[in-house]
Amino acid sequence: MYLGIGVGVLTSFIQSYRRIASKITGVDVPFVFGHGASDGRYFALKKIPTIVVGPVGGNWHGDNEWVDIKSLELVTKTVQQFLQELSV
């Protein structure tokens, strides 16, 4: 799973997501910078905690684009559990 952060990683919002993702994936999920575009940049510019995640895959927007189904399932499960925790 890829995780890009546009706001300081010490916010409780970001740390909660990381804790859940690490628990579900069984690995210490790193914070990384990646090239790309998303609307998340608008939130990050306003200092709103922003998480951009996605499954493992390759050849984005090209011929033979692919996604690893297992990683897609892990991302889905992580987001679901994160949203459930936020709603409590």
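Predicted model: local features only at pLDDT ≥ 70, side-chain atom pairs only at ≥ 80, totals over all residues.
**Entry 1: Glu85**

I looked up the exposure of Glu85 and found a relative accessible area of 34%, so Glu85 is partly exposed. I take buried as under 20% relative accessible area, exposed as over 50%, and partly exposed as in between (1.4 Å probe, protein chains only).

Residues are numbered from 1 along each chain as its sequence is written, and side-chain values use heavy atoms, with hydrogens and water left out.

**Entry 2: salt bridges**

I applied the rule that a side-chain nitrogen of Lys or Arg lies within 4 Å of a carboxyl oxygen of Asp or Glu. The count by this rule is two salt bridges. As background, side chains of opposite charge can pair when their charged atoms come close.

I found Glu85 joined to Arg19 by a salt bridge, with an N to O distance of 2.5 Å. Because Glu85 belongs to helix α3 and Arg19 to helix α1, this pair ties together parts that are 66 residues apart in sequence. I recorded Arg19 as partly exposed, at 44% relative accessibility.

I found Asp28 in a salt bridge with Arg18, where the closest N and O atoms are 3.1 Å apart. Arg18 sits in helix α1 and Asp28 in the loop between α1 (12-25) and α2 (40-45), ten residues apart. I recorded Asp28 as exposed, with a relative accessible area of 60%.

**Entry 3: Ser71**

Is Ser71 buried or exposed? I found a relative accessibility of 7%, so Ser71 counts as buried. Ser71 is part of helix α3, which spans residues 69-86. Apart from neighbours within four places in sequence, I found Ser71 in contact (heavy atoms within 4.5 Å) with Pro55 and Val56.

**Entry 4: the chain**

I assigned helices (H or I, at least four residues) and strands (E, at least two) as DSSP runs, numbered from the N terminus. The chain holds three helices and four strands, and I read their order along the sequence as β-α-α-β-β-β-α.

I noted that 24% of the 88 residues count as buried. Among contacts with a separation of 6 or more, 60% come from residues 24 or more positions apart.
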